[in-house]
Amino acid sequence: MEDTTSGTPEQGHVGRRTVLKGVLGAGALAGTHAALAGRANASVSGDDVEHGWGKVADAFRKNFKDNPGEVGAACSVYVGGRPVVNLWGGLADREANRPWRKNTIVQVASTTKGATAICAHMLAQRGELDLDAPVAQYWPEFGAAGKGQIPVRWLLSHQAGLPIVDGPLTFEQACAWHPVIRALEAQKPLWQPGTEHVYHSVTFGFLVGEVVRRISGKSLGRFFAEEVAAPLGLSAWIGLPEKQERRVARIHYAAPFSVEELTAGLIAITGLDADTVTAWVNAVWGPGSVQARAGELGGALDNTTGYHTTRAWRAAEFPAANMLADARSVARMYAATVGDVDGVRLLDPSTVEKMTAVQTDKTPMHGLPPGLNIPADRSFYMSLGFWRACPPLPMAGPGSFGHPGSGGSIGFADPDAGVGFGYVTNLWNFRPDDPRASNLAKAVRSCLG
């Protein structure tokens, strides 16, 4: 057992009597109770809330009133390449009583992974990246330690067996990029690649990012800035310029919770029985487990240091975890994967079809005891870099794809409805049954009819 009452972007936020460390740092499932301080004076603003989309505005306002509440947040929806909802409100910094403004940006944790995956699929669409080719074809040094035949698609689908690095690595080394790459080159897979999967909380960004760098000659952050953010006019960065610091919202944390509350939340959203969920939690997120170690990056990311509040963290490129963005930019980016946005379309329909084919229904989750079966669509329904819609994460419909972030943020697209959706928050809440994003997505579905 381990006591902890604080969390980081990739290491969760759980209370006493928990067996978890790094629980939902995957960004996959978020939630918990919130302190109510500062909510009474929160105001909600917005523009471009078109006729017929008032239910989303109602849900956004209701999130400030209900548990777990909000400190500050924003939500944006695009349909057919056009903004139909753009809302923001509350406080960017509760201690300073600083209001959340239209141009406020905030860390979105693992929502970053969706942006990183988009960059990789843009290269595949151009014919510069073959997802079935060995990673070592683009990154020869990666082939060491038995990794020569791992295809690129296993990096994107969390099946490469590289969720951790043995280290030791320092925070400064992680920010420098290349020391992590050298460590991953030397790392031996934890399982036979392609036969199991587990969430690569932090290494995902280095693995996919290095492939993008080897092909394009650009770091992942630079590729994203020049080929995604600039054409679309996004306020989103993986590696934040110092001049944008003034726009950053301060992260606040919701109250800690126990492993029993976590288990109850997972039961509620997955529909699995209590014995199955308890065995799953203990096996995958227990002390010393692979998932618990995945957020530590060989010791570089120590949650006791407060690294994620530093300028060094925001300035560096962690393409799995440290994008800063507003909701409009997240929604606009996803909208451009399924349609034209002011003349810009990032991905064509055939690319979207290929990249959203579910992969984790074909292999078991690493670390489960013999005989324990956790259906992928109730736990980790991952395609090539994106979550697919499933009961715990329904998004806008069965064809939706996207990525949530630890603490509550999420971005997704729906090809059938032509929707791009973004929700960001600075009240980070790690319980799996957090209703905030799901309330907004439900309102979107209702408005679509």
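**View A: R311, a partly exposed residue at 28% relative accessibility, and its partner E245.** Partly exposed here is the range between buried (under 20% relative accessible area) and exposed (over 50%), using a 1.4 Å probe and protein chains only. This is a predicted model, in which local features need pLDDT of at least 70 and side-chain atom pairs count only at pLDDT 80 or more, while totals for chains, interfaces and linings use all residues. Residues are numbered from 1 along each chain as its sequence is written, and side-chain values use heavy atoms, with hydrogens and water left out. R311 and E245 form a salt bridge whose closest N and O atoms are 2.7 Å apart. E245 sits in the loop between β6 (236-237) and β7 (252-253) and R311 in helix α12 (residues 311-315), so the pair ties together parts that are 66 residues apart in sequence. Helices (H or I, at least four residues) and strands (E, at least two) are DSSP runs, numbered from the N terminus.

**View B: K218 and E227 in a salt bridge.** Side chains of opposite charge can pair when their charged atoms come close. The term salt bridge stands for a side-chain nitrogen of Lys or Arg within 4 Å of a carboxyl oxygen of Asp or Glu. For K218 and E227, the closest N and O atoms are 2.8 Å apart. K218 is buried at 15% relative accessibility, and E227 is buried as well, at 17%. A search of the whole structure finds 23 salt bridges.

View C: D433 is partly exposed, with 30% relative accessibility, whereas R431 is buried at 10%.

**View D: helix α1 (residues 54-65) packed with helix α15 (residues 436-448).** Their axes are 8 Å apart, and the packing angle is about 165°. That makes the two helices, α1 and α15, roughly antiparallel (angles under 35 degrees count as roughly parallel, over 145 as roughly antiparallel, 65 to 115 as roughly perpendicular and the rest as oblique). Axes are lines fitted to C-alpha atoms, for helices over the stretch in contact, with angles from 0 to 180 degrees between N-to-C directions. From α1, the contact uses K55, V56, A59, F60 and N63, and from α15 it uses R436, N439, L440, A443, V444, S446 and C447; contact means heavy atoms within 4.5 Å. By class, 7 residues of this contact are nonpolar, 3 polar and 2 charged. Ala, Val, Leu, Ile, Met, Phe, Trp, Tyr, Cys and Pro count as nonpolar, Asp, Glu, Lys and Arg as charged, and the others, Gly among them, as polar.

View E: Most residues other than glycine have a negative phi, and most peptide bonds are trans. The bond from N67 to P68 is cis, with omega near 5°, and P68 belongs to the loop between α1 and β2 (72-79). G167 and P168 are also joined by a cis peptide bond, with omega about 5°; P168 lies in the loop between α4 (152-156) and α5 (171-175). The loop between α4 and α5 holds H158 too, where phi is near 65°. H158 is buried, at 0% relative accessible area. W177, with a positive phi of about 75°, is in the loop between α5 and α6 (178-186) and is buried at 10% relative accessibility.
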